[in-house]
Amino acid sequence: MAFVPGFDHDVFISYAHGDDREWITRFVARLETELGRRLPGATIWIDKDELRKDRNFEQDIPANLQSSAALISLVSPVYINRPYCVQQECRRFRELTVDRKQPGQRFAGPDFASDLFGFRCPILPMPDNAYWNDLIPGATDISFCDDVFTYPIASAPYEEKFRELFRGLVDLLRRMRNRSSPVLLYPRRPAPELEEAHSALTRELNARTFRILPEDELDPTPHVQRCDLAVLLLGKDYDETAHRLVQALTEANRRFVVWPSPALENAGALQQRGFLEHLRQLEFANKTLLDPSITSEKLKQEVFALLNPRANASPAPSGKPRIYLIYESRRSSESNRAGQIAFHFADEFHFEHSDDPRRHNPCLTQSDGVLLVWGEA
(Lines give C-alpha, C1' and ligand atoms only; values in the text may rest on other atoms or scores of the structure.)
Protein backbone atom coordinates (compact mmCIF):
# COMPACT_ATOMS: atom_id res chain seq x y z
CA MET A 1 0.00 0.00 0.00
CA ALA A 2 1.06 3.57 -0.62
CA PHE A 3 1.62 6.33 1.93
CA VAL A 4 -1.44 8.13 0.51
CA PRO A 5 -4.57 6.01 1.11
CA GLY A 6 -6.51 4.97 -1.96
CA PHE A 7 -3.44 4.70 -4.21
CA ASP A 8 -1.20 1.76 -5.00
CA HIS A 9 1.82 4.04 -5.52
CA ASP A 10 2.77 7.49 -4.30
CA VAL A 11 4.95 8.49 -7.27
CA PHE A 12 4.91 7.53 -10.95
CA ILE A 13 8.20 8.22 -12.76
CA SER A 14 7.68 9.12 -16.42
CA TYR A 15 10.80 8.98 -18.59
CA ALA A 16 11.91 8.13 -22.12
CA HIS A 17 13.70 4.92 -23.02
CA GLY A 18 16.86 6.15 -24.70
CA ASP A 19 17.84 8.70 -22.05
CA ASP A 20 20.65 8.09 -19.57
CA ARG A 21 19.31 5.02 -17.78
CA GLU A 22 22.13 4.89 -15.22
CA TRP A 23 21.42 8.49 -14.16
CA ILE A 24 17.68 7.78 -13.96
CA THR A 25 18.22 4.58 -11.96
CA ARG A 26 20.42 6.35 -9.41
CA PHE A 27 18.00 9.28 -9.18
CA VAL A 28 15.04 6.95 -8.49
CA ALA A 29 17.02 4.88 -5.97
CA ARG A 30 17.95 8.02 -4.03
CA LEU A 31 14.38 9.33 -4.14
CA GLU A 32 13.00 5.98 -2.97
CA THR A 33 15.46 5.83 -0.06
CA GLU A 34 14.78 9.38 1.10
CA LEU A 35 11.00 9.00 0.80
CA GLY A 36 11.14 5.79 2.83
CA ARG A 37 12.95 7.64 5.61
CA ARG A 38 10.57 10.60 5.73
CA LEU A 39 7.29 8.92 4.74
CA PRO A 40 7.36 5.25 5.83
CA GLY A 41 5.49 3.08 3.36
CA ALA A 42 5.86 5.48 0.41
CA THR A 43 6.28 3.69 -2.93
CA ILE A 44 7.55 4.61 -6.40
CA TRP A 45 6.52 3.00 -9.70
CA ILE A 46 8.75 3.11 -12.75
CA ASP A 47 8.55 1.15 -15.99
CA LYS A 48 11.45 -1.30 -15.99
CA ASP A 49 12.89 -3.13 -18.97
CA GLU A 50 11.97 -6.53 -17.55
CA LEU A 51 8.34 -5.43 -17.43
CA ARG A 52 8.10 -5.73 -21.19
CA LYS A 53 9.32 -9.33 -21.30
CA ASP A 54 6.45 -11.02 -19.52
CA ARG A 55 3.70 -8.40 -19.08
CA ASN A 56 1.52 -6.22 -21.26
CA PHE A 57 3.05 -2.80 -20.66
CA GLU A 58 0.30 -1.09 -22.71
CA GLN A 59 -2.14 -2.10 -19.97
CA ASP A 60 0.25 -2.10 -17.02
CA ILE A 61 1.56 1.45 -17.42
CA PRO A 62 -1.86 3.20 -17.65
CA ALA A 63 -3.18 1.19 -14.69
CA ASN A 64 -0.21 2.19 -12.53
CA LEU A 65 -0.41 5.81 -13.68
CA GLN A 66 -4.06 5.98 -12.59
CA SER A 67 -3.25 4.42 -9.22
CA SER A 68 -0.38 6.84 -8.45
CA ALA A 69 -0.76 9.95 -6.30
CA ALA A 70 1.91 12.10 -8.01
CA LEU A 71 3.79 12.23 -11.30
CA ILE A 72 7.43 13.15 -11.91
CA SER A 73 8.28 13.73 -15.59
CA LEU A 74 11.98 13.47 -16.46
CA VAL A 75 11.84 15.61 -19.59
CA SER A 76 14.36 15.56 -22.43
CA PRO A 77 14.41 16.13 -26.23
CA VAL A 78 13.84 12.38 -26.62
CA TYR A 79 10.93 12.51 -24.16
CA ILE A 80 8.94 15.20 -25.99
CA ASN A 81 9.29 13.25 -29.24
CA ARG A 82 7.76 10.12 -27.75
CA PRO A 83 3.95 10.18 -28.27
CA TYR A 84 3.52 7.69 -25.43
CA CYS A 85 5.29 9.94 -22.90
CA VAL A 86 3.45 13.10 -23.94
CA GLN A 87 -0.02 11.78 -24.72
CA GLN A 88 -0.48 8.55 -22.76
CA GLU A 89 1.31 9.62 -19.60
CA CYS A 90 1.41 13.42 -19.22
CA ARG A 91 -1.88 14.17 -20.95
CA ARG A 92 -3.67 11.28 -19.24
CA PHE A 93 -2.38 12.41 -15.84
CA ARG A 94 -3.69 15.92 -16.53
CA GLU A 95 -7.14 14.41 -17.11
CA LEU A 96 -6.89 12.46 -13.86
CA THR A 97 -5.94 15.67 -12.05
CA VAL A 98 -9.05 17.43 -13.36
CA ASP A 99 -11.22 14.51 -12.20
CA ARG A 100 -9.66 14.60 -8.72
CA LYS A 101 -10.75 18.20 -8.25
CA GLN A 102 -14.36 17.86 -9.35
CA PRO A 103 -17.02 18.73 -6.75
CA GLY A 104 -17.43 15.89 -4.28
CA GLN A 105 -14.01 14.43 -5.02
CA ARG A 106 -11.49 13.98 -2.23
CA PHE A 107 -9.18 16.75 -3.48
CA ALA A 108 -11.84 19.30 -4.40
CA GLY A 109 -11.85 22.66 -2.67
CA PRO A 110 -9.41 25.49 -1.99
CA ASP A 111 -6.80 23.33 -0.22
CA PHE A 112 -5.79 21.71 -3.53
CA ALA A 113 -7.03 24.34 -5.98
CA SER A 114 -3.52 25.18 -7.20
CA ASP A 115 -2.07 21.68 -6.97
CA LEU A 116 -1.15 19.88 -10.19
CA PHE A 117 0.02 16.67 -8.46
CA GLY A 118 2.93 16.60 -10.91
CA PHE A 119 6.50 17.87 -11.25
CA ARG A 120 8.36 18.73 -14.47
CA CYS A 121 12.05 17.87 -14.19
CA PRO A 122 14.08 18.53 -17.37
CA ILE A 123 17.21 16.38 -17.36
CA LEU A 124 18.64 17.78 -20.61
CA PRO A 125 18.53 21.30 -22.11
CA MET A 126 15.53 21.85 -24.38
CA PRO A 127 15.46 23.69 -27.73
CA ASP A 128 12.48 25.82 -26.69
CA ASN A 129 9.59 25.85 -24.22
CA ALA A 130 6.69 25.81 -26.67
CA TYR A 131 5.71 22.27 -25.66
CA TRP A 132 5.27 23.07 -21.95
CA ASN A 133 1.51 23.41 -22.33
CA ASP A 134 1.34 19.68 -23.06
CA LEU A 135 3.43 18.65 -20.04
CA ILE A 136 1.64 19.53 -16.78
CA PRO A 137 0.71 23.12 -17.72
CA GLY A 138 1.50 25.60 -14.99
CA ALA A 139 4.04 23.43 -13.22
CA THR A 140 7.30 24.95 -12.03
CA ASP A 141 10.34 23.44 -13.70
CA ILE A 142 12.88 21.81 -11.40
CA SER A 143 15.73 21.46 -13.88
CA PHE A 144 18.47 18.89 -13.38
CA CYS A 145 20.57 20.39 -16.18
CA ASP A 146 22.22 23.58 -17.33
CA ASP A 147 22.14 24.87 -20.90
CA VAL A 148 24.51 22.10 -22.05
CA PHE A 149 24.60 19.02 -19.79
CA THR A 150 22.74 17.01 -17.16
CA TYR A 151 23.92 17.69 -13.59
CA PRO A 152 26.07 14.78 -12.42
CA ILE A 153 24.62 12.74 -9.58
CA ALA A 154 25.69 14.12 -6.15
CA SER A 155 27.08 17.35 -7.63
CA ALA A 156 26.23 20.60 -5.84
CA PRO A 157 23.66 21.79 -8.42
CA TYR A 158 22.09 18.32 -8.49
CA GLU A 159 21.75 18.27 -4.70
CA GLU A 160 20.13 21.71 -4.68
CA LYS A 161 17.49 20.64 -7.22
CA PHE A 162 16.94 17.27 -5.56
CA ARG A 163 16.19 18.98 -2.24
CA GLU A 164 13.76 21.37 -3.95
CA LEU A 165 11.90 18.50 -5.60
CA PHE A 166 11.93 16.40 -2.44
CA ARG A 167 10.49 19.19 -0.28
CA GLY A 168 7.65 19.80 -2.72
CA LEU A 169 6.89 16.10 -3.10
CA VAL A 170 6.86 15.39 0.65
CA ASP A 171 4.59 18.38 1.29
CA LEU A 172 2.14 17.24 -1.42
CA LEU A 173 1.98 13.62 -0.26
CA ARG A 174 1.47 14.61 3.38
CA ARG A 175 -1.37 16.94 2.50
CA MET A 176 -2.99 14.28 0.30
CA ARG A 177 -2.74 11.72 3.11
CA ASN A 178 -4.25 14.12 5.63
CA ARG A 179 -7.26 14.57 3.35
CA SER A 180 -8.38 10.99 4.08
CA SER A 181 -10.93 10.21 6.80
CA PRO A 182 -9.08 8.76 9.86
CA VAL A 183 -9.98 5.40 11.38
CA LEU A 184 -8.30 4.11 14.54
CA LEU A 185 -7.52 0.40 14.10
CA TYR A 186 -6.17 -1.29 17.22
CA PRO A 187 -3.88 -3.09 17.83
CA ARG A 188 -1.27 -1.81 15.42
CA ARG A 189 0.60 -5.13 15.59
CA PRO A 190 -2.00 -7.87 16.07
CA ALA A 191 -1.58 -11.18 17.88
CA PRO A 192 -1.80 -14.30 15.66
CA GLU A 193 -5.51 -14.79 16.40
CA LEU A 194 -6.22 -11.26 15.11
CA GLU A 195 -3.99 -11.22 12.02
CA GLU A 196 -6.59 -12.33 9.46
CA ALA A 197 -9.21 -9.81 10.57
CA HIS A 198 -6.62 -7.03 10.92
CA SER A 199 -5.17 -7.69 7.47
CA ALA A 200 -8.61 -7.74 5.82
CA LEU A 201 -9.62 -4.45 7.42
CA THR A 202 -6.29 -2.79 6.60
CA ARG A 203 -6.53 -3.69 2.92
CA GLU A 204 -10.10 -2.50 2.62
CA LEU A 205 -9.57 0.74 4.54
CA ASN A 206 -6.63 1.62 2.33
CA ALA A 207 -8.53 0.72 -0.83
CA ARG A 208 -11.41 2.98 0.21
CA THR A 209 -9.08 5.92 0.95
CA PHE A 210 -9.36 5.90 4.75
CA ARG A 211 -6.33 6.88 6.81
CA ILE A 212 -5.41 4.29 9.44
CA LEU A 213 -4.39 5.44 12.91
CA PRO A 214 -2.13 5.11 14.83
CA GLU A 215 0.78 5.59 12.46
CA ASP A 216 3.54 4.96 14.98
CA GLU A 217 4.46 2.83 17.97
CA LEU A 218 3.58 5.52 20.52
CA ASP A 219 0.54 5.55 22.79
CA PRO A 220 -2.57 5.34 20.52
CA THR A 221 -4.86 7.05 23.07
CA PRO A 222 -4.29 10.64 21.80
CA HIS A 223 -5.53 9.54 18.36
CA VAL A 224 -9.03 9.09 19.79
CA GLN A 225 -9.73 12.80 19.32
CA ARG A 226 -8.86 12.60 15.62
CA CYS A 227 -10.67 9.47 14.46
CA ASP A 228 -14.08 9.16 12.82
CA LEU A 229 -14.40 5.59 14.09
CA ALA A 230 -12.30 3.29 16.28
CA VAL A 231 -12.11 -0.45 15.58
CA LEU A 232 -10.81 -2.56 18.47
CA LEU A 233 -9.84 -6.18 17.92
CA LEU A 234 -9.54 -8.16 21.16
CA GLY A 235 -7.24 -11.15 21.49
CA LYS A 236 -7.08 -13.73 24.24
CA ASP A 237 -4.52 -11.91 26.42
CA TYR A 238 -5.49 -8.98 28.62
CA ASP A 239 -4.84 -5.65 26.89
CA GLU A 240 -4.66 -2.68 29.25
CA THR A 241 -4.21 -0.26 26.34
CA ALA A 242 -7.52 -1.38 24.81
CA HIS A 243 -9.18 -0.71 28.16
CA ARG A 244 -7.72 2.82 28.23
CA LEU A 245 -8.85 3.39 24.66
CA VAL A 246 -12.42 2.48 25.56
CA GLN A 247 -12.33 4.92 28.46
CA ALA A 248 -11.00 7.68 26.20
CA LEU A 249 -13.57 6.91 23.50
CA THR A 250 -16.49 7.12 25.89
CA GLU A 251 -15.19 10.33 27.45
CA ALA A 252 -14.78 11.89 23.99
CA ASN A 253 -18.14 10.47 22.82
CA ARG A 254 -16.51 8.78 19.82
CA ARG A 255 -17.96 5.89 17.86
CA PHE A 256 -16.23 2.56 18.28
CA VAL A 257 -16.76 -1.06 17.30
CA VAL A 258 -15.30 -4.06 19.15
CA TRP A 259 -14.71 -7.53 17.76
CA PRO A 260 -13.68 -10.15 20.34
CA SER A 261 -11.86 -13.01 18.64
CA PRO A 262 -13.03 -16.63 19.01
CA ALA A 263 -9.75 -17.24 20.87
CA LEU A 264 -10.94 -14.84 23.58
CA GLU A 265 -14.25 -16.67 23.90
CA ASN A 266 -12.58 -20.08 24.02
CA ALA A 267 -9.32 -19.54 25.91
CA GLY A 268 -9.15 -15.93 27.01
CA ALA A 269 -7.20 -14.79 30.05
CA LEU A 270 -9.29 -14.17 33.16
CA GLN A 271 -8.86 -10.38 33.16
CA GLN A 272 -9.51 -10.14 29.42
CA ARG A 273 -12.78 -12.04 29.92
CA GLY A 274 -13.68 -9.55 32.61
CA PHE A 275 -12.89 -6.68 30.22
CA LEU A 276 -15.18 -8.21 27.58
CA GLU A 277 -17.99 -8.57 30.12
CA HIS A 278 -17.48 -4.92 31.06
CA LEU A 279 -17.93 -3.98 27.40
CA ARG A 280 -21.12 -6.02 27.17
CA GLN A 281 -22.59 -4.17 30.12
CA LEU A 282 -21.31 -0.75 29.08
CA GLU A 283 -24.22 1.55 28.28
CA PHE A 284 -22.91 3.83 25.55
CA ALA A 285 -24.87 4.79 22.45
CA ASN A 286 -21.81 4.91 20.17
CA LYS A 287 -20.61 1.40 21.07
CA THR A 288 -21.03 -1.57 18.70
CA LEU A 289 -20.05 -4.97 20.09
CA LEU A 290 -19.85 -7.70 17.43
CA ASP A 291 -20.26 -11.44 17.78
CA PRO A 292 -16.97 -13.38 17.96
CA SER A 293 -18.24 -15.96 15.45
CA ILE A 294 -18.56 -13.58 12.48
CA THR A 295 -16.13 -13.98 9.57
CA SER A 296 -13.56 -11.43 8.47
CA GLU A 297 -15.79 -10.57 5.53
CA LYS A 298 -18.75 -9.93 7.79
CA LEU A 299 -16.52 -7.88 10.09
CA LYS A 300 -15.59 -5.64 7.15
CA GLN A 301 -19.25 -5.21 6.24
CA GLU A 302 -20.13 -4.19 9.79
CA VAL A 303 -17.28 -1.68 9.98
CA PHE A 304 -18.11 -0.06 6.64
CA ALA A 305 -21.78 0.06 7.46
CA LEU A 306 -20.78 2.26 10.40
CA LEU A 307 -18.44 4.33 8.24
CA ASN A 308 -21.17 4.63 5.58
CA PRO A 309 -18.89 4.15 2.56
CA ARG A 310 -21.56 5.41 0.17
CA ALA A 311 -21.20 8.81 1.84
CA ASN A 312 -17.45 8.62 1.14
CA ALA A 313 -17.94 7.60 -2.47
CA SER A 314 -17.06 10.35 -4.89
CA PRO A 315 -19.76 11.20 -7.42
CA ALA A 316 -18.93 10.94 -11.09
CA PRO A 317 -17.17 14.10 -12.32
CA SER A 318 -20.05 14.76 -14.71
CA GLY A 319 -22.74 14.29 -12.08
CA LYS A 320 -24.18 11.38 -14.11
CA PRO A 321 -24.86 7.96 -12.58
CA ARG A 322 -21.60 6.06 -12.19
CA ILE A 323 -21.55 2.65 -13.93
CA TYR A 324 -18.79 0.09 -13.43
CA LEU A 325 -18.26 -1.63 -16.76
CA ILE A 326 -16.83 -5.15 -16.42
CA TYR A 327 -15.48 -7.06 -19.41
CA GLU A 328 -12.54 -9.24 -20.43
CA SER A 329 -10.14 -6.79 -22.07
CA ARG A 330 -8.19 -9.59 -23.74
CA ARG A 331 -11.29 -10.59 -25.74
CA SER A 332 -11.66 -8.18 -28.64
CA SER A 333 -15.37 -8.94 -29.00
CA GLU A 334 -16.06 -7.96 -25.39
CA SER A 335 -13.82 -4.89 -25.62
CA ASN A 336 -15.64 -3.79 -28.79
CA ARG A 337 -19.06 -4.24 -27.20
CA ALA A 338 -17.98 -2.41 -24.06
CA GLY A 339 -16.62 0.39 -26.23
CA GLN A 340 -19.91 0.66 -28.13
CA ILE A 341 -21.83 0.92 -24.86
CA ALA A 342 -19.51 3.57 -23.44
CA PHE A 343 -19.69 5.55 -26.67
CA HIS A 344 -23.45 5.44 -27.27
CA PHE A 345 -24.52 6.07 -23.67
CA ALA A 346 -21.84 8.60 -22.69
CA ASP A 347 -24.45 11.37 -22.44
CA GLU A 348 -26.45 9.42 -19.85
CA PHE A 349 -23.86 7.62 -17.73
CA HIS A 350 -20.29 7.97 -16.47
CA PHE A 351 -18.54 4.65 -17.22
CA GLU A 352 -15.52 3.29 -15.37
CA HIS A 353 -13.55 0.10 -15.88
CA SER A 354 -10.30 -1.42 -14.59
CA ASP A 355 -8.08 -4.37 -15.42
CA ASP A 356 -6.53 -4.19 -11.96
CA PRO A 357 -8.24 -6.66 -9.56
CA ARG A 358 -7.17 -4.49 -6.62
CA ARG A 359 -9.47 -1.73 -7.89
CA HIS A 360 -12.62 -3.87 -8.11
CA ASN A 361 -13.80 -3.41 -4.53
CA PRO A 362 -13.50 0.40 -4.43
CA CYS A 363 -14.99 0.69 -7.93
CA LEU A 364 -17.93 -1.51 -6.98
CA THR A 365 -18.48 0.38 -3.73
CA GLN A 366 -18.50 3.77 -5.43
CA SER A 367 -20.72 2.81 -8.38
CA ASP A 368 -24.46 3.29 -8.81
CA GLY A 369 -24.65 0.21 -11.00
CA VAL A 370 -22.66 -2.55 -12.66
CA LEU A 371 -22.82 -3.68 -16.29
CA LEU A 372 -21.25 -7.02 -17.19
CA VAL A 373 -20.31 -7.56 -20.86
CA TRP A 374 -20.00 -11.33 -21.30
CA GLY A 375 -19.20 -13.22 -24.49
CA GLU A 376 -21.65 -12.63 -27.29
CA ALA A 377 -24.48 -11.45 -25.02
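## Basis

The model is predicted: local features need pLDDT of at least 70, side-chain atom pairs count only at pLDDT 80 or more, and totals for chains, interfaces and linings use all residues. Residues are numbered from 1 along each chain as its sequence is written, and side-chain values use heavy atoms, with hydrogens and water left out.

Helices (H or I, at least four residues) and strands (E, at least two) are DSSP runs, numbered from the N terminus.

Three strands form an open sheet in the order 11-10-12, with parallel pairing; two strands pair if DSSP finds at least two bridges between them. Strand 11 (350-352) and strand 12 (369-372) are at the edges and have a single partner strand each, so one side of each is left without a neighbour in the sheet. On average, neighbouring strands of this sheet are turned by 30 degrees against each other, direction ignored. Axes for such angles are lines fitted to C-alpha atoms, for helices over the stretch in contact, and angles run from 0 to 180 degrees between N-to-C directions.

Strand 10 (residues 322-326) pairs with strand 11 in the parallel sense over 3 bridges. Ile323 has Phe351 of strand 11 as its bridge partner.

Arg322 forms a salt bridge with Glu352, with 2.2 Å between the closest N and O atoms. Arg322 lies in strand 10 and Glu352 in strand 11, so the pair ties together parts that are 30 residues apart in sequence. Arg322 is buried at a relative accessible area of 3%, while Glu352 is partly exposed at 22%. Here buried means under 20% relative accessible area, exposed over 50%, and partly exposed in between (1.4 Å probe, protein chains only).

## Backbone exceptions

Most residues other than glycine have a negative phi, and most peptide bonds are trans. The peptide bond from Tyr186 to Pro187 is cis, with omega near 5 degrees. Pro187 belongs to the loop between strand 5 (182-186) and helix 7 (195-207). The bond from Leu213 to Pro214 is also cis, with omega near -5 degrees, and Pro214 lies in the loop between strand 6 (211-213) and strand 7 (229-234).

Thr209, which is not a glycine, has a positive phi of about 70 degrees; it lies in the loop between helix 7 and strand 6. Asn253, likewise not a glycine, has a positive phi of about 60 degrees. Its place is the loop between helix 8 (240-252) and strand 8 (256-260).

## Other salt bridges

Side chains of opposite charge can pair when their charged atoms come close. The count comes to 21 salt bridges. One of them joins Asp115 and Arg175, whose closest N and O atoms are 2.8 Å apart. Asp115 lies in the loop between helix 5 (83-100) and strand 4 (118-122) and Arg175 in helix 6 (residues 156-178), so this pair ties together parts that are 60 residues apart in sequence. Asp115 is buried, with a relative accessible area of 12%, whereas Arg175 is partly exposed at 28%.

Arg211 and Glu215 meet through their side chains in a salt bridge of 2.6 Å, N to O. Arg211 is buried at 11% relative accessibility, and Glu215 is partly exposed at 28%. A network of salt bridges links Arg30, Glu34, Arg37 and Glu159.

Terms used: Salt bridge = Lys/Arg side-chain N within 4 Å of Asp/Glu carboxyl O.
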